[in-house]
Amino acid sequence: MSDTAPPDTLPPAAPRTPHIYIAGLGLQTVTQITREVQDACRGSAEILYVDTGIATRTFLETLCPRVTPLFDESYARDASRVSAYHHMAARVVEAALDHPPVTFALHGHPLVAALPPFLVLELAAALDLRVTILPGVSALDALLADLRLDPVVHGIQMYEATDVLLRRRPLQSDVPAILWQIGPIETCLHSQAVSLPGRFARLIAHLRQFYPARHEVVAIHCSPHPIVPATILRFALEDMGGHAAEIHGGFTLYVPPAGARAVLDGELVGKLYSVEHLRSVTRA
């Protein structure tokens, strides 16, 4: 980046136009990309994207003449994922310094389980670059649809799987739980190698503190292709290791509640349908 212009001589962006769009492509890129993301791509000098869909590049090239995939150039076998993320961020900011505006487009929602956008935001703030975030359909949205869940009814607790182990996070067994990234659990290195059963032993032992051994859990991979259904594996918690070969890096673990929490505020229950109570907490 040494040959880029310093911040005080940046090529001017149009009034109120950001130097960088950070955009979500949706889980199924071609069918789920939003209209505002398409407009941002059309107005950009370059799209730099992270998505492994077979049709992604072809589709993006209909929106912008300059399209740069970052996945293959950023990831190396058994290398640190964090190094790849820093490489992506540097490439995006370098492009924004040279020919704004640019779009940094990511699979799903750009701020869900994705570190590179936050690195871009940090660099952009230091260089006085304007950034606009454009949301996309995330794996959470797809998971709720695939498993027919309403997160408002019983609540949702969500954690990254390795973080649960590192911090020994307690789980509430009466609240549905979502554990992200169970496939690459226990490593910060990029690898597509098939997991061995023992990889999940520590996670099973941790969850057994809160759930019965035979409690049914769900490993789910929400499909990135519109004509391919989600992969849903249901098994007893203690049997997770037996599915190690099937659980790749895209899988999430859903743990249904093991029971219901009793209602403790009986006084409030009696007021929920009371007109008098409603009037007492609102302005006429």
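1. R167 is exposed, with a relative accessible area of 57%; exposed means over 50% relative accessible area, buried under 20%, and partly exposed in between, with a 1.4 Å probe and protein chains only. R167 belongs to helix α9, residues 161-167, where helices are DSSP runs of H or I with at least four residues and strands are E runs of at least two, numbered from the N terminus. The side chain of R167 makes a polar contact of 2.5 Å with that of D163. A polar contact is a pair of N or O atoms within 3.5 Å; within protein, one must be able to donate a hydrogen and the other to accept it, and residues adjacent in sequence count only if both atoms are side-chain atoms.

2. The model is predicted: local features need pLDDT of at least 70, side-chain atom pairs count only at pLDDT 80 or more, and totals for chains, interfaces and linings use all residues. Residues are numbered from 1 along each chain as its sequence is written, and side-chain values use heavy atoms, leaving out hydrogens and water.

3. Helix α7 spans residues 139-146, and A142, L143 and L144 are buried in it. The buried residues of α7 pack against α8 (151-154), β7 (177-180), β8 (216-221) and β10 (252-255), contact being heavy atoms within 4.5 Å.

4. At the start of α7, a side-chain oxygen of S138 comes to within 3.2 Å of the backbone nitrogen of L140. After α7 comes R148, with a positive phi near 55 degrees.

5. L272 sits in the loop between α11 (266-269) and α12 (275-280). L272 counts as exposed because its relative accessibility is 55%.
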